[in-house]
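Have the viewer open as you read.

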Amino acid sequence: MSLEVSLERRKQSQTPVTGNGNGVVSSSAPSFSTHRLRLQPKEDHKSESYEDLQLEFSPLLFSMLERHLPPSMLNVARDLKLQYMRDILLRYAPEGERNRVQRHREYRQKIISNYQPLHRELYSLHAANFFVPSFLKAINENSEESFRRIMSEPSPGIYKFEMLQPQFCEKLLSEVESFERWVHETKFRIMRPNTMNKYGAVLDDFGLETMLDKLMDDFIRPISRVFFSEVGGGTLDSHHGFVVEYGIDRDVELGFHVDDSEVTLNVCLGKQFSGGELFFRGIRCDKHVNTETQSEEIFDYFHVPGHAVLHCGRHRHGARATTSGRRVNLLLWCRSSVFRELKKYQKDFSSWCGECQREKRERQLISIDATKQELLKREVKSPP
Ligand SMILES: [Zn+2]
C-alpha cells in the first residue's frame, strides 16, 4: 500500500556517517487485530464517495479500499465502513506523522498560491528543451547498451553523463533566485532541503513536484532499473527534489553521509566555481555505515555544469569546500517504498553493501580453509 502519509513521513535526513545519527526510532501503533481487509477486491461492488469529508487520508483511497472490505461490511452504513477502514489505515500512520503531513501540505499550498513563477515553462517537463540530444536518444532507446554509450562508470556504482542543456540550467537557476527573492521580500519562513544544508530550496515545495515526478518516472527509473535493480531502482515511486547552494557566503562543504534515497541524481547547474568535488567512499548498509573504506572504493568526482552523477543513496559521500564562486546543484532523491518494505525482512546480508560482500568473501575463505584442513587431516590419518 503506498499511502501518501507513508511516503512523506520520512524526515529529509542525510545520515552523517560518523557520529551518532544512526538511532532507530520505533513507534507503537494501535493494533486492531480483528479488522481485516480481503486480499481480492469485490470487483463489482459500487463504492461510496468520500469526497465530501475532511479526512486525513485521500477520499479516493477509501473508495478503493471499500471493495476489499469483508462481505459482512460491504453494505453497512457509510460511517461504519469509514471507521473500519480508518482504523486499519491508522496502523500505518501514527498521529504525529499525520499532523506533520497535513501541516506540510498547508505549507506547500501557501507557497504555491502566493509565489508567481518566473519561467512557467519549467513547471511541466519538455524533454527537447531540458535535455541534451544524446541523453534523450539513450532514454528513447532504453537499453543498457544505449545508456552505457552516454555514460561512464569511473568507479563501481557511480555513473556520470551529460544531461541538461545550458539554457535549462540558466532558467532553473534564475527561477530559484526568483523564489529566494520572494522568500526574502515576504519574510516567508521556508524549510531547507535537509538536515545538513542551511541554504538551498525544496523544488517540490514551490510547484515543481509534477515536473520532477515525470523526470523520475520517465528518465531516472529506466536507467535505475538497469544499474540499481538491487536497491529498488526499478520500483522508484517517490522523490525529494531540491537545490543546494555552495560558496563562501552559502554552505561551504558537506560532511560525510548517506542520503535518504535509494538512487540519487546530482546535476550541477552552474555557475562559476572552484572546488566542491564530491568524494565517494563505498556503499554500505545501516549496520556497516561506519566501517572502513577499502582503497578501491575511493573516488573523487569533479562537477561540470549540465553533467549528472547518479549513485545509490547508500553510497557514502561528501562534498569538499567550494573555494570560490558559487555552485548550485539539483538533487533528486528517488525512493522505492517496495524496496524499503522488503528491506525490513532482510536480516543479515545485503548484496549491495561493500562490507557485507567483504565479510561474505571472508567467511567463504575461512570455510574453504577449514575444509582443506579437514581433508589434510584425513589424508594423514588414512593408512598407507
Ligand atoms: Zn553491510
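A disulfide here is a pair of cysteine sulfur atoms within 2.5 Å. By that cut-off the structure has 0 disulfides. Take Cys268: its closest cysteine sulfur, in Cys169, sits 7.8 Å away, too far for a bond.

Some ground rules. This is a predicted model, where local features need pLDDT of at least 70, side-chain atom pairs count only at pLDDT 80 or more, and totals for chains, interfaces and linings use all residues. Residues are numbered from 1 along each chain as its sequence is written, and side-chain values use heavy atoms, with hydrogens and water left out.

On to burial: buried means under 20% relative accessible area, exposed over 50%, and partly exposed in between (1.4 Å probe, protein chains only).

| Residue | Relative accessible area |
|---|---|
| Cys268 | 0% |
| Cys285 | 8% |
| Met85 | 0% |

Met85 belongs to helix 3 (residues 78–92); helices (H or I, at least four residues) and strands (E, at least two) are DSSP runs, numbered from the N terminus. Beyond its neighbours within four places in sequence, Met85 has contacts (heavy atoms within 4.5 Å) that include Tyr50, Phe62 and Leu65.

What about strand 11 (residues 307–312)? With 5 of its 6 residues buried, it is largely enclosed by the rest of the structure. Two strands pair if DSSP finds at least two bridges between them. Strand 3 (residues 158–162) pairs antiparallel with strand 11 over 5 bridges, and Phe161 partners Ala308. Strand 7 (residues 263–270) also pairs antiparallel with strand 11, over 5 bridges; there, Val263 stands opposite Cys312.
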